[in-house]
Amino acid sequence: VIEPNTDQNMQDMHLLLAARLSGTMYVAPSEIPQAVQLLMAKSEGQLIYAKYALEFMAFKRGSTWSLQELGACLPQGLYGAYALSMTVLVSRLRAERPDLLGLLLGKVLPVLVA
């Protein structure tokens with residue numbers, strides 16, 4: 001079992017985030033250390049959060065994120081990441097496939113939260 005806020009887990013997350021951010025243009029190189037700390041705080045120790053945060057950051061192609069944008073736009077914790085994903089999914093289904101939205105809300109979601 002991986003405990004979210006253990007020293008080893010947090011060290012692993014720090015290394016992962018620093019390596020991933022260094023290989024991208026998501027944040028300015030000079031702000032990578034602060035961005036890593038911000039992401040670690042928002043992750044609440046959950047490594048899977050890093051995956052969602054980096055995918056979210058990739059949507060802003062062609063420009064970098066400021067630390068203020070990261071703080072304001074990235075959700076807090078894994079629950080926040082899932083809630084954001086569901087919000088985007090519901091919005092797109094409402095616009096493009098209302099029939100599937102009904103199925104999601106009526107059949108799939110109740111099973112997932114039970």
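Accessible areas here come from the Shrake-Rupley method with a 1.4 Å probe, and for residues only the protein chains shown count as cover. I looked up the total: the accessible surface of the chain is about 7,400 Å². Carbon and sulfur atoms hold 62% of that surface.

I noted the ground rules. This is a predicted model, where local features need pLDDT of at least 70, side-chain atom pairs count only at pLDDT 80 or more, and totals for chains, interfaces and linings use all residues. Residues are numbered from 1 along each chain as its sequence is written, and side-chain values use heavy atoms, with hydrogens and water left out.

Next, the overall build. I found six helices and zero strands in the chain (DSSP runs, H or I of at least four residues for helices, E of at least two for strands, numbered from the N terminus). The C-alpha atoms fill a box of roughly 45 × 40 × 20 Å along the principal axes. Of the 114 residues, 27% are buried (under 20% relative accessible area; exposed is over 50%, with a 1.4 Å probe and protein chains only).

Then I turned to helix H1, residues 7–22. Which of its residues are buried? I found Asn9, Met10, Met13, Leu17 and Leu21. They cover an arc of only 95° around the axis, which puts them on the same side of H1. The arc uses directions from the helix axis to the C-beta atoms. I checked the face turned away from that buried side: Asp7, Leu15, Ala19 and Ser22 are exposed there. Helix H2 (32–43) and helix H3 (47–58) are among what covers the buried residues of H1.

Note on methods
The expected span of a helix is 1.5 Å times one less than its number of residues. Contact means heavy atoms within 4.5 Å.
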